[in-house]
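Notebook open, viewer running. I'm jotting down what I look up as I go.

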Amino acid sequence: MLRSTDSRKLTPPRAWRVIGKGGGSRTWRLCAITLPWQRLARPWKAPNVWSHLGLFNPLYHFNTLLTMTFLPNRVVGISEDIGRLYGRWLGSIDERLDAPDCDRYELCRTVLTEVHFPHLSGVDPATLPLPTQVLLAQMDARNVTLEPEYYAEIDLERYERVKPLIWLWEMFDRSALAENVHLGVKFRRLLAKRIFRKCGHNFKAFHHVKMSFGYNLEVGDNVVVHRHVLLDDRGGIRLGDGVSVSDFANVYSHSHGVVEGRDITTPVTVIDAGVRVTYHATVMSGVHLAEGSMLGAFGVATKDTEPHAIYAGIPAKKIKDKPDESRRPPTPDPLADPEG
Ligand SMILES: CC(C)(COP(=O)(O)OP(=O)(O)OC[C@H]1O[C@@H](n2cnc3c(N)ncnc32)[C@H](O)[C@@H]1OP(=O)(O)O)[C@@H](O)C(=O)NCCC(=O)NCCS
């Protein structure tokens, strides 16, 4: 198999020393300076150079064929009985949330008590030991302060409405139910629709996603946010259709002055349609990731990106354009919202 490590052996640091001293033939020196050595040694990894020359790079596509396999997500079944049980529970929460007189704080308290301490729901807390009373008090969002509440620019009226739902989301994620993908994605979806400023179809969030205000998030259709992602929507975050934010990524929309930490900027961070923020990457506040661009693993985007280009590193720099490959046909999403 064609591996980059093989070609690294062809990259003798000595060769660069020779160029540095003006050695080697004129043509060789010119090539080495105008094209990165890796591109010469590994032409199958250089789609841009070839496409700039208006050429199709068969080696690149051959290498992709060799190393990549088309693996759309498979459908995972659960028994009909369990599917109905989950559906009944989710449906009852959805219905209660839809009721015009819904007390979201009370709903949050009862659902969390039933999930975490079912044997204590309906019990008078005053009859319980002191630590248990404190523990039970945590099921009620009114008894809890969350970090964003300390931010001066908070819109208290809007936050008041979403706070119990954010707390319900976060405490659900600390329960035995959280890592059940089938249940968790559906549960978070019904909360997201009521928390975000805008939430498109088929939104999928995996466990331990953390948001700031929640009400400053605008999310398009078919967006997926993987586990342990931070969406700091303090200044606002817009995620376009089909955006994917991978595990442990961070998206910020606030920053602090270097001298005075209380000097704060809150620009909106915009991630256009089809962008992939890959695992452990970070998008700094106010950055605009253009349509179809990609931020490589552990990269930190400090500046705007060009459409359909790949960025990597700290700070993230463009490493290449995406190759002009024909896209595969769409495949069914096993976690799609049946209601569209
Ligand atoms: C950025 C990325 C997309 C590039 O993949 P690629 O097109 O196959 O790129 P290559 O492996 O040819 O790498 C090109 C160069 O960038 C470097 N590079 C690749 N990924 C990098 C990263 N995350 N950070 C820093 N440098 C990186 C390579 O070392 C190579 O450098 P070299 O030319 O000096 O050897 C890929 O490495 C990556 O980070 N993918 C994220 C994983 C992913 O898809 N996550 C989503 C999961 S939900």
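How do the residues of the shell around the ligand divide into nonpolar, polar and charged? I get seven nonpolar, seven polar and one charged. My classes: Ala, Val, Leu, Ile, Met, Phe, Trp, Tyr, Cys and Pro are nonpolar, Asp, Glu, Lys and Arg are charged, and the others, Gly among them, are polar. In total 15 residues surround the ligand, and the closest are Ser-246, Thr-278, Gly-296, Ala-297 and Ala-312. A residue counts as near a molecule or strand if its C-beta atom, placed from the backbone, lies within 6 Å of it.

**Entry: ground rules.** This is a predicted model, so I note that local features need pLDDT of at least 70 and side-chain atom pairs count only at pLDDT 80 or more, while totals for chains, interfaces and linings use all residues. Numbering runs from 1 along each chain as its sequence is written.

**Entry: confidence.** I checked pLDDT, the predictor's confidence in each residue, from 0 to 100. The protein averages 88, and 80% of the residues score at least 70. Over residues 1-20 pLDDT stays under 50, and the model has 16 contacts there beyond four places in sequence. For contacts I use C-beta atoms, placed from the backbone, within 7 Å.

**Entry: overall count.** I find eleven helices and 19 strands in the protein. These are DSSP runs numbered from the N terminus, helices being H or I with at least four residues and strands E with at least two. Of the 340 residues, 28% are buried. Buried is 20 or more other C-beta atoms within 10 Å of a residue's own, exposed is 12 or fewer, and partly exposed is in between, again with C-beta placed from the backbone. Among contacts with a separation of 6 or more, 33% come from residues 24 or more positions apart.

**Entry: the seven-strand sheet.** I traced an open, mixed sheet in the order β2-β5-β8-β13-β16-β18-β19. The edges are β2 (204-205) and β19 (317-321), each with a single partner strand, so one side of each is left without a neighbour in the sheet. I call two strands paired if DSSP finds at least two bridges between them. β18 (residues 309-312) runs antiparallel to β19, with four bridges. There Ile-310 sits opposite Lys-320, and Ala-312 opposite Lys-317. Ala-312 is also one of the residues closest to the ligand. The β18-β19 hairpin has four residues between its strands, and Gly-313 takes a positive phi near 95°. On to β16 (residues 294-295), which pairs with β18 in the parallel sense over two bridges; Leu-295 stands opposite Tyr-311.

**Entry: the five-strand sheet.** This one is open and parallel, in the order β3-β6-β9-β14-β17. β3 (210-211) and β17 (300-301) are the edges, and each has a single partner strand, so one side of each lacks a neighbour in the sheet. β3 pairs with β6 (residues 230-231) through two bridges, and Lys-210 has Leu-230 as its bridge partner.

**Entry: two helices.** For the expected span I take 1.5 Å times one less than the number of residues. Helix α11 (residues 181-195) has 15 residues and should span 21 Å; its end C-alpha atoms are 20 Å apart, which agrees. Its buried residues include Phe-187, Arg-188 and Leu-191, and the buried set packs against α7 (80-98), α10 (156-172), β1 (198-199) and β2. Where does α7 itself lie? The number of buried residues among its 19 is zero, so α7 lies largely in the open. From first C-alpha to last, α7 reaches 26 Å, close to the 27 Å expected.

Terms used:
Two residues are in contact if their C-beta atoms, placed from the backbone, lie within 7 Å.
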